[in-house]
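Please look over the model below.

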Amino acid sequence: MASYYDNNTVIYHNGAFVKAADAKMDLYSQSLHYGYSVFEGIRSYRTADGETKIFKVKEHYDRLQASAAALNLPYTWNTQELTDITYEVLNRNGLGDAYIRPVIYAPANMSFNPNAESLIVIEAWEMAPFLGEKLLRVTVSSFQRPNPKGFKIHAKAAGHYVNSILASQEAKGKGYDEALLLDMNDKIAEAPGANVFFEKAGVLYTPALGNILPGITRATVLELCDELNIRVVEGQFTQQDLYGADAAFFCGTAAEVVGFQSLDDVGFAMPWEETQSRLVQIAYKNLVVENKTELVNEITGIE
Ligand code: PMP
């Protein structure tokens with residue numbers, strides 16, 4: 001089992017910085033029983049000038065607040081205070097390149113009724129500076145993403161991730177690296193924990209918002225494409241549109257920008273290194289470490 005903390009690890013839990021090993025949660029929590037909680041996945045990076053910076057921290061805590069509102073979970077914090085607390089968690093644990101996981105959860109409640117208050121935990125653990133250099137073998141999942149008429153699909157809600165776990169485990173059980181899920185109309189939607197883009201003739205395509213989590217990395221990629229003069233089309237696409245495309249990639253806070261090697265064993269028309277998608281990958285990596293020398297300068301020698 002992965003180890004996310006040791007006896008010295010400090011987390012923020014309901015108003016106090018405490019040892020992760022000593023923290024307790026109520027086993028009668030409505031969140032544990034019904035998957036009724038919201039969370040974020042955030043990255044911090046040691047930047048080019050040696051500082052520790054949390055990437056798009058405002059966007060993440062604003063989305064956490066919106067997710068809580070979507071699920072009727074009381075939310076009594078604000079983005080600035082949670083930002084300060086998160087830097088303190090990183091600082092107390094001596095973390096630079098880290099993954100940060102805030103969760104808003106419910107107190108003891110076996111009914112389906114709303115609660116008067118929510119609880120919060122902010123955890124962080126070390127993460128390698130850059131993941132995703134290898135290309136992924138992806139398969140279209142037999143699981144669809146949750147129907148937005150049954151879920152608040154734009155919210156980052158714990159319960160939605162049973163769908164992600166099923167799809168990811170199915171793909172890995174078949175020998176692939178990751179799944180690509182379709183929506184309830186059989187249009188491509190997203191990965192279990194990332195958004196998707198594909199490339200044809202220098203143009204990038206990505207599913208429009210509506211049936212997917214509005215990824216902060218997705219929004220960042222759209223901004224980078226604007227700066228790099230790469231055209232992006234948001235719309236509804238089928239898996240047939242992806243087979244034989246020039247390239248495709250997943251993007252997410254944890255995944256960063258990671259290219260596909262194949263989709264259902266069908267390769268892509270261009271070598272990854274020669275695609276616009278690769279330029280986006282490099283630009284993203286430079287952005288998160290605030291390497292300002294050049295937008296698409298190769299990152300070499302930065303730890
Ligand atoms: N879709 C899903 C289902 C996810 O879990 C994530 C990761 N949060 C994403 C997309 C990408 O979102 P972001 O770029 O904000 O991490």
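Which residue's charged end sits over the ring of Tyr45? The charged end of Arg43 does, 4.2 Å from the ring centre. This is a predicted model. Phe17 also has a charge over its face: Arg92 lies there, at 4.2 Å from the ring centre.

**Ring pairs**

The structure holds 13 aromatic pairs. Two of them are set out here.

| Pair | Centre to centre | Angle between planes | Geometry |
|---|---|---|---|
| Tyr34 and Phe112 | 5.2 Å | 80° | edge-to-face |
| Tyr75 and Trp77 | 5.3 Å | 80° | edge-to-face |

Tyr34 belongs to helix α1 (residues 30-34), while Phe112 sits in the loop between β6 (98-105) and β7 (119-126), so their pair ties together parts that are 78 residues apart in sequence. Tyr34 is partly exposed, at 39% relative accessible area. Phe112 counts as exposed, at 72%. Tyr75 and Trp77 are both buried. Elsewhere, Tyr4, Tyr99 and Trp125 make up one aromatic cluster.

**Helix α7**

Helix α7 runs over residues 276-288. At 1.5 Å a residue, its 13 residues should span 18 Å; the end C-alpha atoms are 19 Å apart, which agrees.

Is α7 largely enclosed or exposed? Ten of its 13 residues are buried, so the rest of the structure largely encloses the helix. Among the buried residues are Arg278, Ile282, Tyr284 and Lys285. The buried residues of α7 pack against several elements, including β4 (42-46), α5 (216-227) and β15 (256-263). After α7 comes Glu290, with a positive phi near 55°.

Methods:
Residues numbered from 1 in each chain as written. Predicted model: local features only at pLDDT ≥ 70, side-chain atom pairs only at ≥ 80, totals over all residues. Heavy atoms only, no water. Helix = DSSP H or I, 4+ residues; strand = E, 2+ residues; numbered from the N terminus. Expected span 1.5 Å × (residues − 1). Buried < 20%, exposed > 50% of the residue type's maximum accessible area, 1.4 Å probe, protein only. Contact = heavy atoms within 4.5 Å. Phe/Tyr/Trp six-rings, centres within 6.5 Å; stacked < 30°, edge-to-face > 60°. Lys NZ or Arg CZ within 6 Å of the ring centre and 35° of its normal.
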